[in-house]
Amino acid sequence: VTLLLLDVPQHTVLGLDTQQVFSVGPRFRGIKMVPPGPHFLHYCSPSRHGNEFAPTVGFFLTTHPSQVVVRRWHAQEERLVTLSEEEEIRYSEAVKRFEFDDQLGPYNLDSFGDWKQLSSYLSQSVIERLEPIGGEITIALEASWMDRAPQTDMERRLMEQLREDKFAKKAPAQPERRGCYYTTIPASVKHRNISADELTLLNLDRTSLLETVLAKSYQGQEDLLLGELQFSFIAFMMGQSLEAFMQWKALVSLLLSCSEAPLHTRTQMFVKFIRVIYYQFKHGFQRTHDSRSSEDKGNSLFLDEAWFSRDIFLYRLSKDFLAVIFEAQVVDGDLLSWARKLKTLLETTFGWDLENNAANLIDEDDEFAPVVVEMDGS
């Protein structure tokens, strides 16, 4: 597959998938030798001197063998736009005659294995189901949504990091624009006809909530949920979307809060889920570095130390989830194997001690924390 990207300004930072980043030079016209399948293209337009960047804009695309995808830079809107069908055919034929070949950068196949692990459930149907109208994902159009979103201390720092990393003043105001069509994930189980103790148990083990979400929103198809988990992670880490982060957090929190499903009713789904988040943690999480460095081109999202501390929601949920698996009397072999791999990765990457019995740390602002229902007068 060839991505022909016309008139992209010099110094634009343009990325494709994982670790596939170009700083556009005067002869750059796109990327060749791209494997067929799903991809995520993301870019930051530069200031006149190339030392500052607008917020990242990204979009998913599904490519097919021998396809030529053509986009042209729109100078006024500072984004890549599609061409007319006639123009696209004309440029596609020119690409197939190798007229642009020496102006195309080759896809880095060494990183393709990492990308496949991050996008294994990212089908064309998943992309079409979730992507916004127009396809573009960018934090610049999420301002009104961010102000409404529940925020923990870590999330507030993340929002500040993304807002300050780029000069967002350049972003056009489009308050009516619709974001991605993410599935609504309830933060807790609500039920009128059961006791407070029963309701507490349902919220501590959210297997019943998972079953409801799967039936109502995914037609019972587990891979669609896993595809949305990968879509939101990629849009967050590579597209720097806070809306995507909140969706990824909601899905991860739901799945890590289940204890019956992984052991009994949805074991194979949880084997796949652990594999998905294992590779997300392995390939996606990088500690922050000096943002003033000349090496920082504004495209990779580096996370501050709050992400690696024990007060992040991931620590509590991972610790409790892994304890459920390791303490069970009978456990599926694949589930146990991947749980052990995930535990090792979290201990080495994050530096967490997942075996101590210290009291769990819960951020009171976290809407996905366990819900304990108290009886009147208790």
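P9 sits in the loop that joins strand 1 to strand 2, where strands are DSSP runs of E with at least two residues and helices are DSSP runs of H or I with at least four, both numbered from the N terminus. The model is a predicted one, in which local features need pLDDT of at least 70, side-chain atom pairs count only at pLDDT 80 or more, and totals for chains, interfaces and linings use all residues. Residues are numbered from 1 along each chain as its sequence is written, and side-chain values use heavy atoms, with hydrogens and water left out.

With 27% relative accessibility, P9 counts as partly exposed. Here buried means under 20% relative accessible area, exposed means over 50%, and partly exposed is what lies in between, using a 1.4 Å probe and protein chains only. P26 is 17 residues away in sequence, with a C-alpha to C-alpha separation of 7.9 Å. G25, 16 residues from P9 along the chain, has its C-alpha atom 8.1 Å from that of P9. G25 belongs to the loop between strand 3 and strand 4 (30-32), and its relative accessible area of 25% makes G25 partly exposed.

The loop between strand 1 (2-6) and strand 2 (13-16) also holds D7. D7 is not a glycine, yet its phi is positive, at about 65 degrees. For context, most residues other than glycine have a negative phi, and most peptide bonds are trans. D17 likewise has a positive phi of about 65 degrees without being a glycine, and D17 is in the loop between strand 2 and strand 3 (21-23). Is each of these two aspartates buried or partly exposed? D7 is partly exposed, at 49% relative accessible area, whereas D17 is buried at 3%.

**Pairs brought together from strands 5 and 6**

F40 lies in strand 5, which covers residues 37-44, and F40 is buried with a relative accessible area of 0%. T62 is part of strand 6, residues 57-63, and at 23% relative accessibility T62 is partly exposed.

| Pair | Apart in sequence | C-alpha to C-alpha distance |
|---|---|---|
| F40 and I234 | 194 residues | 7.8 Å |
| T62 and P38 | 24 residues | 4.2 Å |
| P9 and P26 | 17 residues | 7.9 Å |
| G25 and P9 | 16 residues | 8.1 Å |

**Helix 9 and its neighbours**

Helix 9 runs over residues 242-256, 15 residues in total, and reaches 21 Å from its first C-alpha to its last, close to the 21 Å expected. That expected span is 1.5 Å times one less than the number of residues. At the start of helix 9, a side-chain oxygen of S241 comes to within 3.4 Å of the backbone nitrogen of E243. How many residues of helix 9 are buried? The count is 15 of the 15, so helix 9 is largely enclosed by the rest of the structure.

One partner is helix 11 (residues 267-284), whose axis comes within 12 Å of that of helix 9 and crosses at roughly 135 degrees. Axes are lines fitted to C-alpha atoms, for helices over the stretch in contact, and the angles run from 0 to 180 degrees between N-to-C directions. Helix 9 and helix 11 are therefore oblique to each other. On this scale, under 35 degrees is roughly parallel, over 145 roughly antiparallel, 65 to 115 roughly perpendicular, and the rest oblique. Helix 11 itself has 18 residues that should span 26 Å, and its end C-alpha atoms are 25 Å apart, which agrees. Helix 11 is mostly covered, with 15 of its 18 residues buried.

The other partner is helix 12 (residues 313-327), which packs against helix 9 at about 25 degrees with the axes 9 Å apart. That angle makes helix 9 roughly parallel to helix 12.

**Nonpolar cores**

A nonpolar core is a set of buried Ala, Val, Leu, Ile, Met, Phe, Trp, Tyr and Cys residues joined through side-chain atoms within 4.5 Å. The largest one has 91 residues, and L210, W248 and F281 have the most contacts inside it. A second, separate core has ten residues, including V68, Y91, A94 and F100.

Technical notes: A polar contact is a pair of N or O atoms within 3.5 Å; within protein, one must be able to donate a hydrogen and the other to accept it, and residues adjacent in sequence count only if both atoms are side-chain atoms.
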